[in-house]
Amino acid sequence: IEALNARLWPSFDQPKEDIAPADIKAFTDLPISKKTLEGLKANNFTKPTDIQRESLMFGLKGHDILGAAKTGSGKTLAFLIPILETLFKQRFTPSFGMAALVISPTRELAYQSFDVLKKIGKLHELSFGLVTGGMSLKEEAKKMNSTNVVICTPGRLLQHFEQTPNFTADELKILVLDEADKILHMGFANTMNAIIEALPRQRQTLLFSATQTKSVKDLARLSLKKPIYVSVHEKA
Ligand code: ADP
Ligand code: MG
């Protein structure tokens, strides 16, 4: 039976049993593809941080997440790993176009996430792109047709929805709202509402924030479905 199992389930996506957060000592304890594990290892990410340990299993299983943890706690990998795994499992390739969207408050933060994604996602046959207004709308639009993971700022993304002919997010599987408190603090509440209106309802959404303000809760209500709440507090 084991031999048969091994044949039906190639080792790269063999599902591991559910694992409790306290038992996750290393990324290798999680049901993550070899490609991602190698990408993590090559960048010296071996042990998950608290927010990663508490949230990754839910993210990998496709749940919506409302995650709160302070700046510097490691929220980036808590959403980038589920993105890579979801697209890998669904065998996405660049020609399929946009399947994951990360919305960041600023160009700088978008670039930081993009940089980490390029590093840990290096072994995947997936394409990653930044949409923050660094080039003309037309050039960006052309590239987006072959970009699987788009990391963007809210204003620029909405501009594409409004001005780029044939731009859709029909194939979107996973949406990430990163640093949601900051996005809202910068005055993007209406922009976010308009973007969420334009996205397919059937999707996974991960919302991460350093603080839980009323406006974050409003955005969560609008964008998440039966979310798992993950909140990590400072230890001392
Ligand atoms: P946040 O988004 O919560 O502010 P980041 O995702 O930017 O935090 O991570 C903060 C810092 O911690 C970064 O320098 C990152 O490289 C590092 N880091 C994140 N996760 C890990 C990990 N599992 N092991 C080691 N360093 C990590
Ligand atoms: Mg962050």
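These legends walk through several close-up views of a predicted model.

Residues are numbered from 1 along each chain as written, chains are lettered from A and ligands numbered from 1 in written order. In this predicted model local features need pLDDT of at least 70 and side-chain atom pairs count only at pLDDT 80 or more, while totals for chains, interfaces and linings use all residues; side-chain values use heavy atoms, with hydrogens and water left out.

**View 1. The open sheet has seven strands.** Let's start with the strand order, which reads β3-β4-β2-β5-β6-β1-β7, with parallel pairing. Strands here are DSSP runs of E with at least two residues, and helices are runs of H or I with at least four, numbered from the N terminus; two strands pair if DSSP finds at least two bridges between them. At the edges sit β3 (128-131) and β7 (228-231), each pairing on one side only. On average, neighbouring strands of this sheet are turned by 15° against each other, direction ignored.

**View 2. Helix α5 packs on the sheet.** Here α5 touches β3 and β4, and its direction makes about 175° with that of β3. Axes are lines fitted to C-alpha atoms, for helices over the stretch in contact, and angles run from 0 to 180 degrees between N-to-C directions. Four bridges link β3 and β4 in the parallel sense, and leucine 130 faces isoleucine 151 in β4.

**View 3. Strand β2 (residues 100-103) is covered on both faces.** Ala100 and Val102 on one side, and Leu101 and Ile103 on the other, are all buried (under 20% relative accessible area, with a 1.4 Å probe and protein chains only). β2 runs parallel to β4 (residues 149-152), joined by four bridges, and parallel to β5 (residues 174-177), again by four bridges. Follow leucine 101 across: its bridge partner in β4 is valine 150, and leucine 175 stands opposite it in β5.

**View 4. Threonine 106 lies in the loop between β2 and α5 (107-120).** A polar atom of the threonine 106 side chain lies 3.1 Å from the backbone nitrogen of leucine 109. Setting aside neighbours within four places in sequence, threonine 106 is in contact (heavy atoms within 4.5 Å) with Thr153, Lys182 and Met186.

**View 5. Helices α6 (residues 137-144) and α7 (residues 154-163) pack at an angle of about 85°.** Their axes are 11 Å apart. That angle makes α6 roughly perpendicular to α7 (65 to 115 degrees). Leu137, Glu140, Ala141 and Met144 of α6 meet Arg156, Gln159, His160 and Gln163 of α7.

Notes:
Buried < 20%, exposed > 50% of the residue type's maximum accessible area, 1.4 Å probe, protein only. Polar contact = N/O pair within 3.5 Å; in protein donor to acceptor, adjacent residues only side chain to side chain. Parallel < 35°, antiparallel > 145°, perpendicular 65-115°, else oblique.
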